[in-house]
Amino acid sequence: MEVAAVDADVPEVRDYDEVTAFLGEWGPFQKLIFLLLSFSIFPNGFCGLSIIFIGDVPDHRCSIPANLNLSEAWMNRTIPLVPGDDPHYSKCSRYRLDVIVNLSETFPDPDLVNMSGVEQEPCLDGWEYSREQYISTIVSEWDLVCNDVWKSPFSMSIFFAGVLTGSLISGQLSDKFGRKTVLFGTMAVQCAFSILQVISPNWEIYCFLNFLVGLGQISNYVAAFVLGTELLRKSIRILFCTLGVCISYAAGYMWLPLFAYFIRNWRILLLTLSVTGLLYIPLWWFIPESPRWLLLNGKLKEAEEIFRYIAKKNGVKFPDVLFSDFELETMKTKNTQSHSIFHLVKTNNIRLITIINMLLWTVLTIGYYGLSLNTPNLHGNDYLNCFFSAAIEVPAYILSWLLLWKFSRRLRISSILLLGGTVLLLIQVIPPDIPELTTVLVMMGKLAITCVFGMVYVFCTELYPTVIRNTGIGVSSMASRLASILSPYIFYLGMLVLLLPETFNHPLPDTIERMQNIKGFRCPGVPKNYFYTCKKRNLKIDIEEGMKVKPANDLQQNKNG
């Protein structure tokens, strides 16, 4: 099939990586940005998951007033014994105290009384909580047990509602007002409202503040992730997204059980974790705005100032002419186009990519947090289980980096998802008398899901163009907080990933028109006879500009196609 000739009179438009190649790959500036942005993610590792210890449920029983003057023997008989395979004292009921008082006056020895006929009542005087593991949690302070047992997990649901809201609005705000502004603004939101939670007078105020903390937590994570991918070049980008951002998150997660082990009061623990956010204030003066975002928003002067700063920092010569007149005009033309969340469903191609991404992120988040928040229910020490659950993420992210560096995205993500799903299904057939094996399988499943999580952030970043990249990631993250009923479909999800276009060894797209096509879809606005050219030769076609730019390989190769 012949390939349409490219008009020789149309100047070639260089992409962003070509323009900025003179700045170098791994100079002092890139190293500093790598470290600072990675460091900014550290608090996110313990922010959302602190509920593992803050909201844990201590052993408890109904409180018995001391003024009843009951003997020790009768005090021990005021709580009913719940029969079964694992007999235990009731946590939510007691025998009627007026009946117990009358019986104690008649029968000094409670063993002489058949208690099965004694009427029971709820814990009218509150509860007594064991202090063997915790001095206090939000459960023991506000009695979130029995009829109010739903309130503790609901606290986490409120946090994720904030995450959902942040995922929806932060992407659009970041694409409109800049990565740096949203990054530091949402870091301030997360830190400030976490500190305010420490003085929460009741559960309702705590939940309201938890919503705002969740809003800030996901927003600064996504903004830092996107800012790093746009400030660093391709050879470092994957390293940043996995070994930088993700391992910094895992390191924060590993610190959580260490802090919780030594600080058993939930308010002091939360305060200690929250004030670490104040350490990030000086970063404002070291982390610049994304030049890529500035260029696409017509702020050429600001972008050039940052380029000059980077060149000075790296000790390289700034070119006499950074952009040609034609490239500047092209940018100005593109800047007249506004982009919103609706552009994620504008064409068949981007619509299907967005839908698949939303499903993928949904199941990954359900699996990740389901396994992470379940660590107190595993066999063994709560603090060690939490540490192991965090530590397993380090090899997971290293594995994701190796896979992203050398292999295609789709097949690896699909295969690891299927493997992780299989491991987790095996838990159902493990006998209850060997809980250690269950713990091992849970950690293996956590490794698989975490590995895919590290890959999918990079994959999603590469799929969306600069003009809606933050919005695309934000919407995908938003969808992950919804539709938990999709979790049984993890096996089918692994096959669904295969429909997404491959991004390995492809440059980041800057516009929607330059996005890669999903299988079975033509380039938007391109006639059918151009489909082979767009699909097989990877010609970058800008319909609105009315120009075609040849690929890196020369025109002669196209003529032989």
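A residue is called buried when its relative accessible area is under 20%, exposed when over 50%, and partly exposed in between. These legends use those words for a predicted model.

Figure 1. Of its 561 residues, 52% are buried. The accessible surface of the chain is about 25,500 Å². Carbon and sulfur atoms account for 62% of that surface. Now take the contacts in the chain with a separation of 6 or more: 80% of them link residues 24 or more positions apart.

**Figure 2. Helix H10 crosses helix H20.** H10 covers residues 203–231, and H20 covers residues 435–463. Their axes come within 11 Å. The crossing angle is roughly 60 degrees, and the crossing is right-handed. Which residues meet here? From H10 come Ile218, Tyr221, Phe225 and Thr229. From H20 come Tyr457, Val458 and Thr461.

Figure 3. Asn357 belongs to helix H16, which spans residues 348–372. Is Asn357 buried or exposed? Its relative accessibility is 0%, so Asn357 counts as buried.

**Figure 4. Seven named residues make a nonpolar surface patch.** They are Leu271, Val275, Leu278, Ile281, Trp284, Trp285 and Phe286. The patch has an area of about 710 Å². Look at Trp285, one of its members. Trp285 lies in the loop between helix H12 (266–274) and helix H13 (291–296). Because its relative accessibility is 64%, Trp285 counts as exposed.

**Figure 5. Asn69 has a positive phi.** The angle is about 55 degrees, although Asn69 is not a glycine. Where is Asn69 found? Its place is the loop between strand S1 (60–62) and helix H5 (72–75). With a relative accessible area of 72%, Asn69 is exposed.

**Figure 6. Asp143 also has a positive phi.** Here too the angle is about 55 degrees, and Asp143 is not a glycine. The loop that holds Asp143 runs between helix H7 (138–142) and helix H8 (151–177). How exposed is Asp143, and what is its relative accessible area? The value is 24%, so Asp143 is partly exposed.

Notes:
Residues numbered from 1 in each chain as written. Predicted model: local features only at pLDDT ≥ 70, side-chain atom pairs only at ≥ 80, totals over all residues. Heavy atoms only, no water. Helix = DSSP H or I, 4+ residues; strand = E, 2+ residues; numbered from the N terminus. Buried < 20%, exposed > 50% of the residue type's maximum accessible area, 1.4 Å probe, protein only. Patch = residues over 30% accessible without salt bridge, like charges linked within 9 Å, V, L, I, M, F, W, Y side chains within 5 Å. Areas by Shrake-Rupley, 256 points an atom, 1.4 Å probe, with all protein chains shown as cover. Salt bridge = Lys/Arg side-chain N within 4 Å of Asp/Glu carboxyl O. Axes fitted to C-alpha atoms, helices over the stretch in contact; angles between N-to-C directions. Left-handed = near helix turned anticlockwise from the far one by under 90°. Contact = heavy atoms within 4.5 Å.
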